[in-house]
Every structure is written in C-alpha cells, then in structure tokens.
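Subject: Structure handover

Hi,

Here is the structure we talked about. Please open it next to this note; the findings follow below.

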Amino acid sequence: MRVVYFVAAALAILILTALVIAPAQWAAGYVRSASNGRVELAEASGTIWNGSAVVVIASPADTGASRASLPERLSWRLSPWALLVGQIDLALVHPSALSQPLTINAPLFGRVVTLGPTTMRLPASLLVGLGAPWNTVRPGGILTVSWDRLAVEPGRWQGRISGEWQYASSGLTPVSPMGHYRLQTNGIWPGTQLELLTISGPLELKGNGTINEGGRLRFTGRAQAVAGTDPGVKAQLTGLISLLGRRDGEGSLLNFGG
C-alpha cells in the first residue's frame, strides 16, 4: 500500500507541475482547432496561464491566400484559481489592437460567455488573410469594432456592436482614402439589423441588412460617387464601383446573400 501511495503522490505532483508550466503552445493548438485554422497563435511563448503570441489570420480553404498577422504580440492571462471554483477568467491585452484589456468570463460548464467592454482597432489589410473576396479587394485603412458588453451563448448573443472603417482604401482604385464608413447593429442575434452609413469621402456606401437565425447575411445597398466629386476622382472610382455590384446608372446595387 505504501508503494501505491507514493506512486499516486508522485503522479499527482507530476500532473500538477505539468499544469503549472503548461506551455503556451497548448493554447495555440486549441485556438487553431476551434477556429478551423483561420486564426493561429504563432511564436507562442510563456505558459497557458500567462503567455503571448503573434495573431495570424489565414484561410485554410484557399491555399493561395496570403497569411496576415497582427502587428505586436497579443498577451493573455488565464486565472487557475477561477478554474478551481468552476469559472473561466481570461484577460487579453494588445498594445495597439485593444483600447483596454478584453475580459472574458464564463462558467466552466455553462453556456453564457460574457465579454467585457472594449474597442478593437485592426489594420484592414488583416482581412486579406481570409481569402476571397478580400484578397481581391485588398483593403487598407483601419477597422474599429466597439461594444459595451456582449453576452454570447449557443445560437444567441446580445450587446450593441458598432464598427467603422476609417481611411478606407482598396487595391482596386488609386483613390485613398476613399471614405470613412460605419456599420451599426441593433444589438441582438438572431434577428440582427444592420445599417451601413458613409461618414465622409468621395465613395458613398449605404444600405441595410439582416442576419437570420442560421447566420445567413442578407444585405442590399448602393455604391456611388458622392455628388460633386471631382471628375478625375470619379473616373478612378468607376472600376471599383462596377466590381461591387450590378451597375445602376452611375452607381451599382449591392446585394449580398439575397
């Protein structure tokens, strides 16, 4: 019995030690699996509890797509003490992409995940890593996504989200910036209502849409040069406008998921 006791104690110590020094690569593997390879944590260092990595966006469905990485490293802190009482307490920190640490809380065996308030600020070029159509559009500028608090559970989320595309540009036109755009939601899913507005710039994008219970996007709108735009700039926008949708006069009709 004494031998069994010492073996069991040794195994317990070994398991505890492994958990304490669990490498950050464990977290990288989980993220890769959960995102079906679309998000990777490259050059992971530290432990699963306190580590950092470079965020890489990739499209496994399109082997020809470029991989895009987020500048600077993402850091995380996962509380082991919270896990002991059945809670997940995770904090993500990024010097330029997050306006404040993003806190993620959830019961270990529950359904509702709560994301604390923050603003994400990302280079639009990161979308190229997702493949078509972004690798054709080759967007530039800055994307910002803000929310006050998000409650996410299977098949449902609640919390007002707004996004902006500032200093927008595209590899399909020399006009840069071509505009500043805002996408607003009514804060729920399913039944999400979307509204696209143009804040400024020579290219006007506007429209409305919905995201249904199955996650299907339906969006209709219009793209056109703003009235009074310089004729030379207007001509440089023509090719992009034509590619965005079906031509309608001097603009084009946007129709996604219809």
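**Strand pairing around β12**

S162 has Q184, in β13, as its bridge partner. This is a predicted model: local features need pLDDT of at least 70, side-chain atom pairs count only at pLDDT 80 or more, and totals for chains, interfaces and linings use all residues. Residues are numbered from 1 along each chain as its sequence is written, and side-chain values use heavy atoms, with hydrogens and water left out.

Strand β13 spans residues 179–185 and pairs with β12 in the antiparallel sense, over five bridges. Two strands count as paired if DSSP finds at least two bridges between them. Strands (E, at least two residues) and helices (H or I, at least four) are DSSP runs, numbered from the N terminus.

β12 also pairs with strand β9, residues 139–147. That pairing is antiparallel too, over eight bridges.

How many residues of β12 are buried? Seven of the 10 in this strand (residues 161–170), so take buried as under 20% relative accessible area, exposed as over 50%, and partly exposed as in between (1.4 Å probe, protein chains only).

**Salt bridges**

The structure holds four salt bridges. The criterion is a side-chain nitrogen of Lys or Arg within 4 Å of a carboxyl oxygen of Asp or Glu. Three of them are worth a look, listed here with their N to O distances:

- R182 and E164, at 2.9 Å. R182 lies in β13 and E164 in β12, so this pair ties together parts that are 18 residues apart in sequence. R182 is partly exposed, at 26% relative accessible area.
- R222 and D248, at 2.6 Å. R222 sits in strand β17 (residues 217–225) and D248 in strand β18 (residues 246–248), so the pair ties together parts 26 residues apart in sequence. D248 is partly exposed, at 33% relative accessibility.
- K234 and E250, at 2.8 Å. K234 is in helix α5 (residues 231–244), and E250 is in the loop between β18 and β19 (251–256). The pair links distant parts of the chain, 16 residues apart. K234 is partly exposed at 31% relative accessibility, whereas E250 is exposed at 57%.

As background, side chains of opposite charge can pair when their charged atoms come close.

**Where to start**

Best wishes
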